[in-house]
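Okay, everyone, thanks for coming.

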Amino acid sequence: MTLDDSNNFEEPPAPSVAPASGARIGMAMPVLKRSVLDHLLFTCGKSLDDASPLDFYTALAHAVRDRLVHRWLLTERTYEEVDAKRAYYLSSEFLVGRSLGLSLMNLGLYDAAARLMAERGYTLDDILEQEGDPGLGNGGLGRLAACFMDSMATLQLPAMGYGIRYDYGIFEQRIENGYQVERRDNWLQYGSPWELPRHDLTKVVRFYGRVEEHRDERGRMRVEWLDTKEVVGLPYDSFIIGHEVNNVNTLRLWSAKATRDFNLQLFNEGDFRRAVEEKIDSENISKVLYPNDMTMEGKELRLKQQYFFVACSIADIIQSYKERHEDFHDFPEKVVIQLNDTHPAIAVAELMRALLDEEMLEWEFAWNITQRTCAYTNHTLLPEALEKWPVTMFERLLPRHLQIIYEINRRFLRQVEIRWPGDIERLGRMSLIQEGAEKQVRMAHLATVGSFSINGVARLHTELIRSDLMPDFYDFWPNRFNNKTNGVTPRRWMLHANPGLAGLITDRIGSAWIDDSLLHISKLAEFANDTETLDELWRIKQKNKEKLALVIGEKAGTYVSPNSMFIAQVKRLHEYKRQLLACLGVIAQYLELRRDPNIAFTPRTYVFAGKAAAGYAMAKLHIKLINAVADVINFDPEVRGRMKVTFVPNYGVSLASVIIPATDVSVQISLAGKEASGTGNMKFAMNGALTLGTLDGANVEIREEVGPENFYLFGLTAEQVKEHRERGYYPSYYIDNSPILREVVEIIESGLFNPGQPHLFAPITDSLRHHDPYMVCADFDEYLAAEQQAARHYEDKRAWSRRALLNIAGSGKFSSDETIRQYSQEIWGLREVQVELDG
């Protein structure tokens, strides 16, 4: 049975094309129908009458995958034929989100799939909702990596991503009695049609053991790493297709497997636990994204994870290179390895180990190759995020790598000493080893010393790397440091997430903004005074808000009005991101309404979402406070219809795709100098939200692009923050001098939001009064004033829509296509390679 062009399923006619170009890869509607039905029958084992929406999803996904695999094989063959230089993007996170909708859109099959599902009485959204949302990332880092992979394929750049195939990604978040509760994220519960296991490409990774030195037959010193424990890395390949091109790049994620799954002798002796112990220990490595590292066992598992995927990837890269080259002289001309933050920094030592111990190169040659091959992206200014590992743990787990790091450090510090004779303090600051009661390996230093390029991810961030984070290294290698402001893909975050807005833009300026360059979107500013365009933009936003209101009702149990101003702060929970400041602002607005219910007040819905790390007690207490405040406000009849507060659980890519297009005001309020870039701020601006924010990260550049009059600025600058810290910061001063802030803090302390638990929020109020490390108190009054200004402006619908339109028109710089073009031209040296379909 198959689907014909009418609305009925019938016995199929004999195929008019050969199978190789027919049901498995053809793009015509009848061929796609046949392919879907074949998979429904032979992959799902279901007849039409028995098939569920999940079955139709599975069949459609496999039909799409067939077409991706065809292009993927052609892409690999094309890259090999031209011996293209490739970028290898190493990242501990890839937050790709759902794949079916984006793949259909990029293949040009979205409308055909919608018609196909309609014939069975389903909307395409019904089918797309069946797909899980893989949580293989914690936030911006993983989502950035996914956007970059999308752009590399769209720009037809030979590239490959490497990471970890976590059995369980970032936890599923539930809210119970206002508290975050973590549940496992079983994204593989029903399997995944978007990956292909590559059993022929497994790699062996070693841990522990000892190091032994000897001289070879030519008298050269050689090192052997002996008595190690081995783990197998099994790669799973996923397919990253560019938009309306034939290039399909590879995302290769490694899964840890035991070299021996089962010890039959131990099992027969009755020791059932030890019989599978090796399997459990080995597979724990890729079991969970970011295991809690509050214990030494957790720290060791984190380091194991990082080395595991890096070692697999380096071995894979070298094997691929050797298939086409006889020696390593051209390695840096054909390979560039981009380290996405410090998690894969061990790649510097691992590449050296492979070149020295396995390829038998001399140190100078191997180091020259390594430094010309590796490039490092720094993503944070927070000291705790610049990973350091205890030397004792490193020596036990990776003894050979510690040897190599010591030798890199010895040679490097000799260069520093020659440059600055007698500067002992500088040597200590720049050393790869941090001295102290417990010696630590500084991974950011290792990445910096071993890379030819070190980039920040926003202009301000890069300036702070040079001046505050790594000034000694910048003095030593000024030409290595550069900026590459982050970006996001307009295909995922506009075309797919906000089709109404995408249609309006294309109607006005054409389609070149989608994949030629988002810079074309600046032409939209020509319609800033066109009332028809502004009114349509308002209607699109309202429709998106209606959709979000339904989602909030379903997921959070809060019923909100789409006619209110939607103010959203959705991101990972961290004190520096200052969800607490936004919550205090909500309380202040509530108290104002309670004092005078008759004041003019723009109705508002405050939308919070985001996950706190499982071991981050203060961030989790902030979630509890937000929910406690919501419980009071949402059930107070005095403010009904004027204020609502909601915390939407389990924030991820799919939820973001609903929240972002519906938001009026985007809250981006990290303390200046703390956020590297941010990418949520870009997504919101692209979708017509106005930013309420500080001069931090990419906010600085967004404000320049959209115009200061279309951005609600408040707060200390990075320089002022630094001055406050140097002269002493006293939060009590700001509380004492702000009647509103004082009232807010006191009302929390009064127990209004925590009846029966009088001291529940004491850690928060005590911190505000005595510590306030992220200067919430200093910025509070200005934050409140900026929100009130936005609310006043919102009352004029057309004027607001004009501001929204100018935000959209100013977002062109923040496409990941533009960022990747800069990486490719200024760091990687890649060339575009077009893939042509057979026939």
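So, Ser824: you'll find it in helix α35, residues 816–828. When I say helix or strand, I mean DSSP runs, H or I over at least four residues for helices and E over at least two for strands, numbered from the N terminus. Before going on, this is a predicted model, where local features need pLDDT of at least 70 and side-chain atom pairs count only at pLDDT 80 or more, while totals for chains, interfaces and linings use all residues. Residues are numbered from 1 along each chain as its sequence is written, and side-chain values use heavy atoms, with hydrogens and water left out.

Back to Ser824: is it buried or exposed? It counts as buried, at 4% relative accessibility. Buried here means under 20% relative accessible area, exposed means over 50%, and partly exposed is in between, using a 1.4 Å probe and protein chains only. And what does Ser824 touch, if we leave aside neighbours within four places in sequence? Leu157, Gly829 and Leu830 are in contact with Ser824, contact being heavy atoms within 4.5 Å.

Let's go to helix α6, residues 140–154. In α6, 14 of the 15 residues are buried, so the helix is largely enclosed by the rest of the structure. After α6 comes Gln156, with a positive phi near 60°.

Met360 has a positive phi of about 60° and is not a glycine; it's in the loop between α12 (347–358) and α13 (363–373) and is partly exposed, at 42% relative accessible area. Arg578 has a positive phi too, near 65°. Arg578 lies in the loop between β20 and α24 (579–595), but it's buried, with a relative accessible area of 0%.

Next, strand β4, residues 159–164, where six of the six residues are buried. Ala159, Gly161 and Gly163 point one way, Met160, Tyr162 and Ile164 the other. Strand β3 (residues 86–90) runs parallel to β4, joined by four bridges, and Tyr89 has Gly161 as its bridge partner. Five bridges join β4 to β12 (residues 248–258), again parallel, with Met160 opposite Thr250. Two strands pair if DSSP finds at least two bridges between them.

Six strands make an open, parallel sheet in the order β22-β21-β20-β23-β24-β25. At the edges are β22 (643–647) and β25 (711–713), each with a single partner strand, so one side of each has no neighbour in the sheet. Neighbouring strands here are turned by 20° against each other on average, direction ignored. Axes are lines fitted to C-alpha atoms, for helices over the stretch in contact, and angles run from 0 to 180 degrees between N-to-C directions. Strand β24 (residues 690–693) is joined to β25 by three bridges, and Leu692 has Tyr712 as its bridge partner in β25. Helix α33 (residues 776–794) packs on the sheet, and its direction makes about 155° with that of β25. Helix α34 (residues 797–809) packs there too, touching β23, β24 and β25, at about 85° to β24.

Last stop, the aromatics. How many aromatic pairs does a search of the whole structure find? There are 23, where rings of Phe, Tyr and Trp (its six-membered ring) pair if their centres lie within 6.5 Å; planes under 30 degrees apart are stacked, over 60 edge-to-face, and the rest tilted. Take Tyr474 and Phe481: the centres are 5.7 Å apart and the planes at 85°, so that's edge-to-face. Tyr474 is partly exposed at 28%, whereas Phe481 is buried at 5%. Finally, Phe412, Trp420, Phe473, Phe476 and Trp477 form one aromatic cluster.

Definitions and conventions: Expected span 1.5 Å × (residues − 1).
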